[in-house]
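Please look over the structure shown here. A short briefing on its parts follows.

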Amino acid sequence: MTSTAGPRPVRAPRGSELSALGWQQEAALRMLQNNLDPEVAEHPDELVVYGGTGKAARDWTSFDAMLRTLRTLRGDETMLVQSGRPVGVMTTHEWAPRVLIANSNLVGDWANWEEFRRLEQLGLTMYGQMTAGSWIYIGTQGILQGTYETFAAVAAKKFGGTLAGTITLTAGLGGMGGAQPLAVTMNDGVAVVVECDPSRIARRIEHGYLDVRAENAADALRLAVEARDARRPLSIGLLGNAAEVLPRMLADGAPIDIVTDQTSAHDPLAYLPAGVDFADMAAYAAEKPADFTLRARESMAAHVAAMVGFQDAGAEVFDYGNSLRGEAQLAGYARAFDFPGFVPAYIRPLFCEGKGPFRWAALSGDPADIAATDRALLDLFPENASLARWLKLAGERVHYQGLPARICWLGYGERAAAGERFNDMVAAGELAAPLVLGRDHLDCGSVASPYRETEAMRDGSDAIADWPMLNAMLNVASGATWVSLHHGGGVGMGRSLHAGQVTVADGTALAGEKLRRVLTNDPGTGVIRHVDAGYPEAEAVAADRGVRIPMREG
Ligand code: NAD
């Protein structure tokens, strides 16, 4: 078979025609391509989807080989993917996943960026981030609801339930960070977002996630204060380096209420050091990585010191899951962990209920299919006011990137109900083609990440990584269509292990059975993980919804 290796625009096929032997294989084929759609991926020519260097395939030859293999893969076969390259096809059975993925995994003592990069240079591995290498990234919407929920929790905790009349200062307008300005304005607040790459500011404005770009810091603050005083939501992009802008704003006494950050701090080669021009960043990082890392870490220390300064002055400050505090600590800044991560501060109670970033995409490419699923959810959960608010805002404000998709944080029991309803809708011909249902790896039971999802666990089990392994194995045993096990996503090498699953709703009875099991068991691992760690909220959910916990029986 001929190969077309090399960068080119990629777009998933749409419609109800199959180019593979079944919908499970077709779903993987479409979602792999969708991850690299220029509307979806941050740097598609380099196969980079989001999150610094998070890739969907190791190289273009591997990408072509995966497409070729998925087109001919039988319904009782499984393709094995080792860090973005297909390495085998095995005969399995119809309940088995069609694809099994392991990305970026390294043995403990070798699990650092230096060794990872050495192996990457040799062409032996790739960085899979979370949903980049597991083919269920749905553009910035994927993070939007989580970010919206987080800012809603900040509002509830400190500002009487709304961000109206407040100013949030943050940085990073990349694939994930780009959700911040819209999440703040959806909560009626004002956001100033520092970003060093002008093309990212333009992209967020074009996609409707950011309102305006300021001329300079003074202009940004003037616009912000005006909007705050009028209690008018507004998001403002400010071109600059966070390590320089934040200390200056702190020194000037800028009236900031909330501070966080989503630069690519998890990878010191993706964080622009102070005093370096953005135009020189890539060449400098490539030519002098050790020197660059040192300067990036020093800059992160200055950045974090300014955040601590804002906290001392009364602002609500939190780390947004990018390891900024860890890097600042490596640079010798002693107060780096003076402010909390967002999970213990706001998200853990949701994890105890098995809630997390559940999502689905319409393989038809037809936005009407997502509108139909939105209506089905309102019908299924009529009493859930915050879900209704989210679906209304998302319907109005979210611009689809690639295949139309939706994210909703649903919990134990809710996900299975949604999955079965969606499968019935496909069976009844109410949708133009099947759906895929998956989630971020940042979920209740699928990740061990002591600086983020498992920071400050009640029983001190932050670094125990058995849970994501159990989650992945359970999803394989339950009938997921593809399952992935990754290392280093979100917070970087050596700091996380996490798993993902995606399952197809093709309207068959078999898919219905698989969905019921996967969408019950997958969030179920979140409930049991938090019961095991001693959270009473999780105990209540387990008791109420009949989740069996052997150590609580007998
Ligand atoms: P990205 O690489 O797409 O974007 C990062 C942005 O930061 C880039 O646009 C870059 O130009 C900018 N930047 C780098 N250094 C800067 C500096 N000194 N000043 C100003 N801007 C700077 O990454 P992303 O997908 O947006 O993810 C951002 C971070 O959030 C990553 O570390 C990622 O691992 C983490 N993350 C968080 C969550 C969460 O739920 N909170 C989820 C996934 C990822």
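The buried residues of H5 are Ala-179, Gln-180, Pro-181, Leu-182, Ala-183, Val-184, Thr-185 and Met-186. Buried means that 20 or more other C-beta atoms lie within 10 Å of a residue's own; exposed means 12 or fewer, partly exposed is in between, and C-beta atoms are placed from the backbone. This is a predicted model: local features need pLDDT of at least 70, side-chain atom pairs count only at pLDDT 80 or more, and totals for chains, interfaces and linings use all residues. Residues are numbered from 1 along each chain as its sequence is written.

- Helices (H or I, at least four residues) and strands (E, at least two) are DSSP runs, numbered from the N terminus.
- H5 spans residues 179-186, and eight of its eight residues are buried, so the rest of the structure largely encloses this helix.
- The buried residues of H5 pack against several elements, including H4, strand E6 (167-171) and helix H14 (385-397).
- After H5 comes Asp-188, which has a positive phi, near 70 degrees.

**The open sheet**

- Six strands make an open sheet with parallel pairing, in the order E8-E9-E7-E6-E10-E11.
- Strands E8 (212-213) and E11 (316-317) are at the edges with a single partner strand each, so one side of each has no neighbour in the sheet.
- Two strands pair if DSSP finds at least two bridges between them.
- E7 and E9 run parallel and are joined by six bridges.
- Val-194 stands opposite Leu-238 in E9.

- Which residue does the UniProt annotation "active site" cover? In this unreviewed entry, the annotation covers Cys-408.
- UniProt positions are given in the numbering used here, feature names are shortened, and annotations may be inferred rather than shown by experiment.
- Cys-408 lies in strand E13 (residues 405-410).
- Cys-408 counts as buried because it has 22 C-beta neighbours inside 10 Å.
- Leaving out residues up to four places away in sequence, Cys-408 touches Gln-145, Phe-358, Leu-377, Leu-387 and Trp-390. Contact means that the C-beta atoms of two residues, placed from the backbone, lie within 7 Å.
- Both faces of E13 are covered, with Ala-405, Ile-407 and Trp-409 buried on one side and Arg-406, Cys-408 and Leu-410 buried on the other.
- In a regular strand the side chains alternate between the two faces of the sheet.
- E13 pairs with strand E12 (residues 356-362) in the antiparallel sense, over six bridges.
- Pro-357 stands opposite Trp-409 in E13.

**The nonpolar core**

- A nonpolar core is a set of buried Ala, Val, Leu, Ile, Met, Phe, Trp, Tyr and Cys residues joined through C-beta atoms within 7 Å.
- The largest nonpolar core has 163 residues, of which Ile-236, Ala-361, Leu-435 and Val-436 touch the most other members.
- Helix H10 (residues 289-312) gives the most to this core, with nine residues.
- Val-308 lies in helix H10. With 20 other C-beta atoms within 10 Å, Val-308 is buried.

**Around the ligand**

- Of the 34 residues around the ligand, Gly-174, Gly-175, Met-176, Gly-321 and Asn-322 come nearest. To be near, a residue must have its C-beta atom, placed from the backbone, within 6 Å.
- Helix H4 (141-158), strand E7 (190-195) and helix H8 (242-251) are the elements that give two or more residues to this shell.
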